[in-house]
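Let's take a friendly walk through this structure together, looking at where its parts meet.

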There are 2 protein chains.
Amino acid sequence: MSLPVSLPFADRLQFVETSAIRELFKLLGTPGIISFAGGFPDPALFDVEGIAESTAAVLANTPGPVLQYGATEGYNPLREQLSKFMGNKGVTVAPDGLIVTTGSQQALDLIGKTMINPGDKVIVEGPTFLATIQCFRLYGAQVISAPIDANGVDVDALEKLIDEHRPKLVYLIPTFGNPSGATLSLERRKRILDIAVRTRTLVVEDDPYGELYFDQPPPPSILALSADVPGSRDWLAHCGSMSKILSPGLRVGWMIAPPALLANATMCKQFSDAHTSNLTQATAAHYLTLGRLDGTLAVVRKVYAERARVMAESLQRELGGAITFNAPQGGMFFWAKLTEGRDASAFAKRAIEKLVAFVPGAPFFAHDADKSTLRLSFATVGVEKIEEGIARLGQAL
Amino acid sequence: MSLPVSLPFADRLQFVETSAIRELFKLLGTPGIISFAGGFPDPALFDVEGIAESTAAVLANTPGPVLQYGATEGYNPLREQLSKFMGNKGVTVAPDGLIVTTGSQQALDLIGKTMINPGDKVIVEGPTFLATIQCFRLYGAQVISAPIDANGVDVDALEKLIDEHRPKLVYLIPTFGNPSGATLSLERRKRILDIAVRTRTLVVEDDPYGELYFDQPPPPSILALSADVPGSRDWLAHCGSMSKILSPGLRVGWMIAPPALLANATMCKQFSDAHTSNLTQATAAHYLTLGRLDGTLAVVRKVYAERARVMAESLQRELGGAITFNAPQGGMFFWAKLTEGRDASAFAKRAIEKLVAFVPGAPFFAHDADKSTLRLSFATVGVEKIEEGIARLGQAL
């Protein structure tokens, strides 16, 4: 006798369960391994002191609201701080024009729960964030990929796909994308806005990495640019996150969206987790008032820029003509392609034997996977280990 | 031009949007009002000192894992503490036999996401927790009520309904129910286990209030009793929560379930919010090691018992034959019924004019609402205010 557990769309998720990633991650505990496989920020760069100060302050000053049930929409002091934070990035949004989510993963889930009926089509970048594909598939979406290049999604191809498929939404990570590392050019961002308005299609802009630029800030977000394109704001949702700039363990993200979507997402959130932890929301809100974020980010940017520079140099030196890649201008990832049609999954297995790990690129594609691709994260590895790890990759090849 | 936002089952939720509760809660800010309408614990009884000590300790001792991404299943030190906590309540469960959820609301959501296909039937108590009805309806469930009395759900009626409807699951709050205040008798708990095994039906036991007993502990949980009924554990899920015993603002709950259900719920959680905040999980875990919980709960039990006693006396004195109720033995709620078929919604409006609030009972029924019922919470109101508030109710009647 066993429980007849059945996920409505479980068949669409087999991909994940059998994927190389799961097998790979089992091996990451091997002693001496150098891992470029993760997608985590470097915990050594967390501002523990500032966070501890913030947590202590909110528990001392406002223990009642911090420890009690709170509003589903979010803790108001945080919504006010996020309104200012977005304002500094060129986005005009009132505190009640955004909701706080339990990490930006929940924003994606609420969009799925609110928007997607089984059979609906969704367009994403190929490749894109793996958990987005799975999240939307759980609601029965048919996920379609639009091609990308070093300047982000190919907008001509995207426009054709929208006209052909009439998707419920388009999901993009325009800035320092995961896994692509690519940044959508200013010109293409403007095209996206025009396309959204013309085709009346919701564009979801996921922006967890925008603050992690190396030398100069990326172009303004699509949401910021929408101020210049009449009507476009009605077709834009924007997901932000404290995970890469403060701490993922807080689980604090946010979503900006048109009022009707925001209201329905809030109702769905009410029955998903009631609200995001007030303690972590209040901590984030207090932290944003301390004036420490700029200093914290300056360090993160400098460290990640150096690691990315060393990774680019090492790849060139150790793998030469066997690999092509575009060096990212920010974020946490290199997206590379083996030449001569080599298979990245087989390469990953040989790499593990040499005690170095990365993620093969295939799982990041909703369909028509390019099996010669791979993702390398430099975020948590020091420069000497990067040089050593890439040298091992060269030996594995 | 507007976004075509459409919830798949929005029509089933109109009930909530137009409900008396929403209108009522708008009036709760009125100065001088005495509110029995809430469902919140008393924040004055939160152990702020113990929580602040715990938060400071985990940020000082283990900042890396606390602030980094974590496992979807939960933070291991908390899973170990919860295993012990449940062990003290007669439930044998290994740390990996439970997952941590973002409040127990998320456990309900994950059960819905994992188990319910559109059109599936679910049986709940009539009345039951409003957010459970809505949560399951969002997944397309048809929600059917089983009648209750002072000893909890009528197991004969429940058994007939299961045989008739073959539901995907049965959801019960057996101990100090919300809104009923009722506690399922020991005999009925054993019957539930037999029925679950015979009919091969998943029973979801939601137990947020079990620790809030007044004089003596309630009967063991259905999960604890399952040890004596061979095969019954295969048909049981159990939801627990720190919200009523430590703090709702932490958003820490947990779910114990058969392995197949737990595995699928974990996969759904991965794409819902990745994981619950490590900071709040670690805080809860550390708190449970401090040995302060017993003392905290002793105070809460004593204060709530006194408030419940005063509310029972006041209702008897001020409303006499106009109302019937069963005094609860724990928890936070009185469930009452106006005699002579009086309408509780009309009564609520007159009560607001006298500056006292409660929740009419009708919204707590999935169907066939008893409009003469109402819920009164004593948890956040001091004894003098309870006496005054109930006297105002007498005037309103």
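How many residue pairs are in polar contact between chain B and chain A? The count is 24 residue pairs, both residues being at pLDDT 80 or more. A polar contact here is a pair of N or O atoms within 3.5 Å; within protein, one must be able to donate a hydrogen and the other to accept it, and residues adjacent in sequence count only if both atoms are side-chain atoms.

Before going on, please note that this is a predicted model, in which local features need pLDDT of at least 70, side-chain atom pairs count only at pLDDT 80 or more, and totals for chains, interfaces and linings use all residues. Residues are numbered from 1 along each chain as its sequence is written, chains are lettered from A and ligands numbered from 1 in the order in which they are written, and side-chain values use heavy atoms, with hydrogens and water left out.

Back to the two chains. Helices (DSSP runs of H or I, at least four residues, numbered from the N terminus) feature on the side of chain B that touches chain A: α3, α4, α6, α7, α11 and α12 of chain B each supply at least two residues. The largest share, eight residues, comes from α11(B). In all, 71 residues of chain B are in contact (heavy atoms within 4.5 Å) with 71 residues of chain A.

The size of an interface is often given as the accessible area lost when the parts come together. Chain B and chain A bury about 6,000 Å² between them, with 68% of it on carbon and sulfur atoms; this buried area is taken with a 1.4 Å probe and summed over both parts. Two salt bridges are found across this interface, a salt bridge being a side-chain nitrogen of Lys or Arg within 4 Å of a carboxyl oxygen of Asp or Glu. Asp109(B) forms a salt bridge with Lys113(A), where the closest N and O atoms are 2.7 Å apart.

Now look inside chain A. It is divided into domain 1 (14-46 + 295-396) and domain 2 (48-289), with bounds that come from an automatic or database domain assignment. The C-alpha centres of these two domains of chain A lie 25 Å apart. Between them, domain 1 and domain 2 of chain A bury about 2,600 Å², 65% of it on carbon and sulfur atoms. One salt bridge is found across this domain interface. The side chains of Glu211(A) and Arg301(A) meet in a salt bridge at 2.9 Å, N to O.

Note on methods: Buried area is the accessible area (1.4 Å probe) that two parts lose on being put together, summed over both.
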